[in-house]
Amino acid sequence: MDNTRIYKMSFAGVYPHYVQKAEKKGRTKAEVDTVISWLTGYDQQALQQQIDNKSNFETFFAQAPAMNPHAAKITGVICGYRVEDIEDKLVQQVRWLDKLIDELAKGKAMEKILRK
């Protein structure tokens with residue numbers, strides 16, 4: 001599987017789609033930011049800086065202040081792949097984020113999304 005497309009995909013380009021997906025289902029941009037912060041350790045200012053810099057996913061995750069140690073608890077299927085079985089670390093991190101946004105959009109309680 002060629003993952004170079006995912007590596008170079010713009011986080012800033014995908015972020016509005018995350019927010020739109022959540023808002024369509026009655027969730028908020030703040031909740032999207034909370035989920036992203038939980039996974040990556042970015043605070044609001046650093047997250048906005050990544051968006052303003054038009055960072056790609058490779059840079060976004062490489063510069064993440066602190067990946068959440070509970071991220072490995074994110075399981076399930078996204079885009080036809082089990083996220084826990086993805087071997088490429090960056091692709092797995094992107095899919096973790098996709099999975100969290102999906103859970104948010106499906107109305108799952110924030111406490112469960114954040115694996116508390």
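This is a predicted model: local features need pLDDT of at least 70, side-chain atom pairs count only at pLDDT 80 or more; totals for chains, interfaces and linings use all residues.

Q: Which residue does K29 pair with in a salt bridge?
A: D33. Their closest N and O atoms are 3.2 Å apart.

Q: How far apart are D33 and K29 in helix α3?
A: They are 4 residues apart, so about one helical turn separates them.

Q: And is D33 buried or exposed?
A: Buried, with a relative accessible area of 5%. The cut-off for buried is under 20%.

Q: How many salt bridges does the structure hold?
A: There are 8.

Q: What does E58 form a salt bridge with?
A: K8. The closest N and O atoms of that pair are 3.0 Å apart. E58 sits in helix α5 and K8 in helix α1, so the bridge ties together parts 50 residues apart in sequence.

Q: What about accessibility for E58 and K8?
A: E58 is partly exposed at 31%. K8 is exposed, with a relative accessible area of 55%.

Q: Which side chain does E84 meet in a salt bridge?
A: That of R82, at 2.8 Å from N to O. E84 is partly exposed, at 31% relative accessible area. R82 is partly exposed too, at 39%.

Q: Which residues do salt bridges with shared partners join into one network?
A: E103, K108 and R115.

Q: Switching to packing. How many residues are in the largest nonpolar core?
A: It has 36. F11, V32, L39 and L97 have the most contacts inside it.

Q: Which elements give two or more residues to this core?
A: α2, α3, α4, α5, α6 and α7. The largest share, 8 residues, comes from α6.

Q: What does L97 touch?
A: F11, Y18, I36, L39, F57 and F61. That leaves out residues up to four places away in sequence.

Q: Now pockets. How much space lies in the largest pocket?
A: About 170 Å³.

Q: How many residues line the largest pocket, and which lie nearest its centre?
A: The lining has 11 residues. I6, M9, V94, R95 and D98 lie nearest the centre.

Q: Which helices each supply at least two of the lining residues?
A: α1 (4-8), α2 (11-24) and α6 (89-105).

Q: What's the make-up of that lining by class?
A: It has 6 nonpolar, 1 polar and 4 charged residues.

Key:
Residues are numbered from 1 along each chain as its sequence is written. Side-chain values use heavy atoms; hydrogens and water are left out. On a 1 Å grid over the protein atoms alone, a cavity is a set of points where a 1.4 Å probe fits but cannot get out, and a pocket is an open set with protein on both sides within 12 Å along at least five of seven lines; lining residues have an atom within 4 Å of a point. Grid points are joined across faces, edges and corners, and a volume is the space filled by probe spheres set on the points. Ala, Val, Leu, Ile, Met, Phe, Trp, Tyr, Cys and Pro count as nonpolar, Asp, Glu, Lys and Arg as charged, and the others, Gly among them, as polar. A nonpolar core is a set of buried Ala, Val, Leu, Ile, Met, Phe, Trp, Tyr and Cys residues joined through side-chain atoms within 4.5 Å. Buried means under 20% relative accessible area, exposed over 50%, partly exposed in between (1.4 Å probe, protein chains only). Contact means heavy atoms within 4.5 Å. A salt bridge is a side-chain nitrogen of Lys or Arg within 4 Å of a carboxyl oxygen of Asp or Glu.
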